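Subject: Handover of a structure

Dear colleague,

Please find below the structure that I am handing over to you, with its sequence. My findings follow directly after it.

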Amino acid sequence: MRLTAILPFSILLASCASTASTESFNVDQALEYCNTQVHRSLAALGADSTDYTMMPRNIQGTDSAWACRKASPDEWCSGFWPGILWYDFESSRDEIVREEAERYTEALEYLSQRPAFDHDLGFLMFCSYGNAYRLTGCPKFRDIILASADTLATLFNPKVGTILSWPRNVEMLGGHNTIMDNMINLEMLFWASKNGGDKRLYDIALKHAETTMEYHFRPDGTCYHVAVYDPESGKFIKGMTHQGYSDSSTWARGQAWAVYGYTMVFRETQDRRFLDLACKVTDAYLKRLPEDYVPYWDFDDPAIPDAPRDASAAGVVASALLELQAYVTPEKRDEYRDAAVKMLASLSSDEYRSGDKRHSFLDHSTGHKPAGSEIDAAIVYADYYYIEALLRLKKLETNSAVLANL
């Protein structure tokens, strides 16, 4: 979900030593497929007249077109569709897509002007406005990001040392709750602190990452989905799940957020503690993957191998690994890059592609299985991290080729 997105040249240069792993995967073809699906979606969404406040969320069952939801503070996925359009524009330079990206992005502006509903403001505003500013340099987009970061920071509890994820669920969960997903929203705070925003935003993001590192992980590197704290004393109360199989299980997308989040935190801080943790949680994830590198929704579901997969987790981790591989030893670099390519190859196969059946990029994601929601579905954030990963791989391949010809 990053503004440097895709990867800065210093990272690209460091990671060009190993290129063999990408030779069997055609990233250009995969990006062309995404552009085709984007145009199919846009045509359907604008069949009568386009309501830019209605954002694609999922495609379930035998449906072929997106089910949309109104962009609102409590619809956490609203920023992913504009982000997908910006990524597709970056790849295709298709002006029709750029115009649509701007219109969908601008539908979210009002969220920067109201109190924070929950931690998802980062997903909402950085996937959309973050990519918009990165690709256009429009000052208005930057100002909206800064305002959104200030709003997100109001959920930080200094007694606990983390951002409150779900204010609405304090009583239900037994205290100040912080979910692993929240790690992704720290990127907007780091970015804002370095691009004209309040410097304390950096301190908030750093403290959140440190507190989460201390209490959110088990000794083997797997993570809880939710950590609960006493809001007054700051004392850690318990680790639990909300969307996973059980409090002691490893929910695949939660582990994916940890891989992505701590890779990003190391980039922003250059603190070796975070790199070490990113590698530890990555290794815990990789060693439990099935043969095709796309995880079951929870690594501990006793129904495996008959449990549903989660393509969204694979997309998140593939994208993260294409950054993480640049920060590690050559041996680890090859391992992580190879794993990312295997993930993308599986996701790009007929087994996981939506293809002609649906307008989405990918099938077989799992949203909230305990609630019976979005099981074995196409979900918009799976598509977002898939195209982000493809673009990161494309950048690596392009710069490897440039260096080889110097």
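His364 is found in the loop that runs between helix H13 (330-347) and strand S8. In this predicted model, the phi of His364 is near 65°, a positive value in a residue that is not glycine. His364 has a relative accessible area of 22% and is therefore partly exposed, since buried would require a value under 20%.

A second residue of this kind is Asp376, which is not a glycine either and has a positive phi of about 55°. Asp376 belongs to strand S9. With a relative accessible area of 42%, Asp376 is partly exposed.

Another backbone feature concerns Ile304 and Pro305, which are joined by a cis peptide bond with an omega of about 15°. Pro305 is placed in the loop between helix H11 (272-286) and helix H12 (311-324).

The largest pocket holds about 400 Å³ of space. Its lining consists of 24 residues, and those nearest the centre of the pocket are Arg57, Trp76, Trp166, Gln243 and His368. Helix H10, strand S8 (365-368) and strand S9 (373-379) are the elements that give two or more residues to this lining. By class, the lining of the largest pocket comprises 10 charged, 7 polar and 7 nonpolar residues.

The second largest pocket has about 160 Å³ of space. Among the residues that line the second largest pocket are Asp28, Glu32, Asp88, Glu90, Lys394 and Lys395. At least two lining residues come from each of helix H2 (27-45), helix H3 (80-92) and helix H14 (380-404). The lining of the second largest pocket divides into 6 charged, 3 polar and 2 nonpolar residues.

Thr250 sits in the loop between strand S7 (236-240) and helix H10 (252-269). Its relative accessibility is 3%, so Thr250 counts as buried. Beyond its neighbours within four places in sequence, Thr250 is in contact with Arg218, Thr222, Gln255, Arg288, Asp298, Phe299 and Asp300.

Finally, there is a sheet to report. Three strands form an open sheet in the order S5-S6-S7, and their pairing is antiparallel. Strand S5 (176-179) and strand S7 are the edge strands, each pairing on one side only. From one strand to the next, the twist averages 20°. The antiparallel pairing of S5 with strand S6 (residues 226-229) extends over 4 bridges. Within that pairing, Thr178 has Ala227 of S6 as its bridge partner.

With kind regards

Definitions and conventions. Residues numbered from 1 in each chain as written. Predicted model: local features only at pLDDT ≥ 70, side-chain atom pairs only at ≥ 80, totals over all residues. Heavy atoms only, no water. Buried < 20%, exposed > 50% of the residue type's maximum accessible area, 1.4 Å probe, protein only. Contact = heavy atoms within 4.5 Å. 1 Å grid on protein atoms, 1.4 Å probe; cavity = no way out; pocket = protein on both sides within 12 Å on 5 of 7 lines; lining within 4 Å. Points joined across faces, edges and corners; volume = space filled by probe spheres on them. Nonpolar A, V, L, I, M, F, W, Y, C, P; charged D, E, K, R; others polar. Pairing = 2+ DSSP bridges. Axes fitted to C-alpha atoms, helices over the stretch in contact; angles between N-to-C directions.
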